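Hi everyone, thanks for coming. I'd like to walk you through a structure that may be new to you, so please have a look at it on the screen first.

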Amino acid sequence: MKRERSYRTEAIIIRRSDFGEADRLLTLLTRDYGKLRAIAKGARKPQSRKTGHVELFMRSQFMLAKGRNLDIVTQVELIEPHRVLSADLVRATYAAYVVELLDSFTPEEERQVAIYELLRDTLGRLDTSDNVRLVARYFELRLLSLVGYQPQLFYCVVSGEPIEQADQYISPEEGGLIAAAHLSPAIRARQVSAGAVKVLRFLQTRAWDTVAHLQLRDDLHRELEMVMHYYIQYLLEKGVKSAEFLYRLRRETISLTQNQPLSNDSPNML
Amino acid sequence: MSNVLPKPVLRLINEFGRLPGIGPKTASRLTFYLLRGNDAGLAADLSAALAELSENTQYCTACHNITEQNPCEVCSDTERDQQVICVVEEPLDVVAIERSRMFGGVYHVLHGALSPVEGIGPDDLKIGELIGRVQQGDFREVILATNATLEGDTTASYLQMRLADTAVRVTRLARGLPVGGDIEYTDEVTLGRALEGRRELK
Ligand SMILES: [Zn+2]
């Protein structure tokens, strides 16, 4: 969609950095124009009307003016501040992960309302759900589908035969599951348990309202995370910074606080 | 440009360019200003100041603020309340709080804030030092004075958890209307927090 000289759109702040003395450079995922960068002038001064609105992960109604290089934020009206998320290190880390993936998988200035809505809903869930790991897995599978990398979880990508309820292999290179019998040494893949396959299929095909009630064992959560991180990092051809941060947080938390939960409300969600 | 200019000039331009907020153009302008020498002695004064900066400053082993002496002036001042610690992100925040003349305790400088986005974790900051200091010392109150940003807030909530099993009282700076600020022009997040932090008058 072509942008007018002055335009209005709902947007979520996915990156922000200081710019000059008092300005902020924002990367916005807008509902109507896709991902774009904009300057919020004076946003670091406490007296500015924009100050409280140009914080990471916030969802707001923006008025923007087209600039020569970067668009300029002229007005912001907050819709959803994500207050729990932005004061909790674990939730904020998951939000950083979600936003980093989204940023890596989407091109600039391409309108994709479904992706915008996915981010909007996911940040909302990270703000309220006590099962942030499940929120992350659901997001990963949805995002992969929306950007054209939906993993094939029902048929063997080598033979085309239906996948049985047993331990399988998953290959990002081939685009999905491979039955053990059809795996050749030339294919890069990792093992995935029958239980994990079941959950991944469930996440891929059901609406969040159904998925939200899923209670999984901790070891299954760990496996699902490993599988998805493996899959995604292969596609991106690079590590994911916020995923590294999450691992590190776990290590440091275990070594520093033996019995102290890291998060205010749900001790096991890390 | 690189072929024409003498090496020392290029080097200074390069070094200036490493400073935050300084691009190649500004770096060249600053370098040539010093080179022309219109301001007699500026280059020499500057280089002396830089040398002194690295030679005569260190970090206070108690509060981790920059100081000429260790422990720093604040930490060794017996007139100050040594039982109240104010936790800040940067040394400049100490300067700002001192300017308010409302605080008579001591400080703890974290040297940053937690940031999942930038990959700054607890071990990158003076957080372990703060916890150790509070556990071993005789403190009444820890004031969390990190910035009112996402990073500042996550850092404060993380510290709050880490300090939960100590006997010390933990407080957070109030967030409210800026002095001289008009309610009509205050953003709703700030206004919401000002309402939450309202105080009993009667
Ligand atoms: Zn000190």
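Let me begin with a question: how far apart do the C-alpha centres of domain 1 of chain A and domain 2 of chain A lie? The answer is 24 Å. Please keep in mind as we go that this is a predicted model.

Where do those domains run? The assignment for chain A gives domain 1 as 6–81, and domain 2 as 85–151 + 200–258. The two are in contact, with 14 residues of domain 1 of chain A meeting 18 residues of domain 2 of chain A. On the domain 1 side, β1 and β3 (34–40) of chain A are the elements that give two or more residues. That side of domain 1 has six nonpolar residues, one polar residue and seven charged ones.

Now let's step back and look at chain A as a whole. Its secondary structure comes to seven helices and eight strands. The radius of gyration of chain A is 20 Å, close to the 18 Å that the globule rule gives for 270 residues, so chain A is as compact as a globular protein of that length. If you follow the C-alpha trace along its principal axes, chain A spans about 65 × 50 × 30 Å. Of the 270 residues in chain A, 39% are buried. And among contacts in chain A with a separation of 6 or more, 54% are between residues 24 or more positions apart.

Next, the meeting of the two chains. How many residues of chain A are in contact with chain B? There are 30, and they meet 24 residues of chain B. Helices α1 (89–105) and α7 (241–256) of chain A each supply at least two residues of the side that touches chain B. The most comes from α7(A), which gives seven residues. By class, this side of chain A divides into 11 nonpolar, 11 polar and eight charged residues.

Is Thr93(A) buried or exposed? Thr93(A) has 26 other C-beta atoms within 10 Å, and 20 or more is the cut-off, so Thr93(A) is buried. Leaving out residues up to four places away in sequence, Thr93(A) touches Ser242(A), Phe245(A), Leu246(A) and Leu249(A), and also Pro116(B) from the other chain.

For another view, go to the start of the chain. Met1(A) sits in the segment before β1 (6–19) of chain A. Met1(A) has 12 C-beta neighbours inside 10 Å, and a residue with 12 or fewer is exposed, so Met1(A) counts as exposed. Apart from neighbours within four places in sequence, Met1(A) is in contact with Asp32(A), Tyr33(A) and Arg111(A). The C-alpha atoms of Met1(A) and Lys198(A), 197 residues apart along the chain, are separated by 40 Å.

Now for some backbone details. Most residues other than glycine have a negative phi, and most peptide bonds are trans. Which residues go the other way in phi? One of them is Glu109(A), with a positive phi near 50°, in the loop between α1 and α2 (113–128) of chain A. Glu109(A) counts as exposed, with 12 C-beta neighbours inside 10 Å. Another is Glu237(A), whose phi is near 60°. Glu237(A) is in the loop between α6 (218–236) and α7 of chain A, and with 7 C-beta neighbours inside 10 Å, Glu237(A) is exposed.

Over in chain B, the peptide bond from Asn70(B) to Pro71(B) is cis, with omega near -5°. Pro71(B) lies in the loop between β2 (66–67) and β3 (84–88) of chain B.

Let's finish with the rest of chain B. Domain 1 of chain B is 7–56 and domain 2 is 59–200, and their C-alpha centres lie 34 Å apart. Further along, strands β5 (residues 141–144) and β6 (residues 169–172) of chain B pair in the parallel sense over four bridges. Ile143(B), for one, has Thr171(B) in β6(B) as its bridge partner. Between β5(B) and β6(B) the chain crosses through helix α6 (residues 150–162) of chain B, and this β-α-β crossover is right-handed.

Conventions. Residues are numbered from 1 along each chain as its sequence is written. Chains are lettered from A and ligands numbered from 1 in the order in which they are written. This is a predicted model: local features need pLDDT of at least 70, side-chain atom pairs count only at pLDDT 80 or more; totals for chains, interfaces and linings use all residues. Domain bounds come from an automatic or database domain assignment. Two residues are in contact if their C-beta atoms, placed from the backbone, lie within 7 Å. Ala, Val, Leu, Ile, Met, Phe, Trp, Tyr, Cys and Pro count as nonpolar, Asp, Glu, Lys and Arg as charged, and the others, Gly among them, as polar. Two strands pair if DSSP finds at least two bridges between them. A crossover is right-handed if, with the strands pointing away from the viewer, the path from the first strand over the helix to the second runs clockwise. The radius of gyration is taken over C-alpha atoms; the globule rule is 2.2 Å times the number of residues to the power 0.38.
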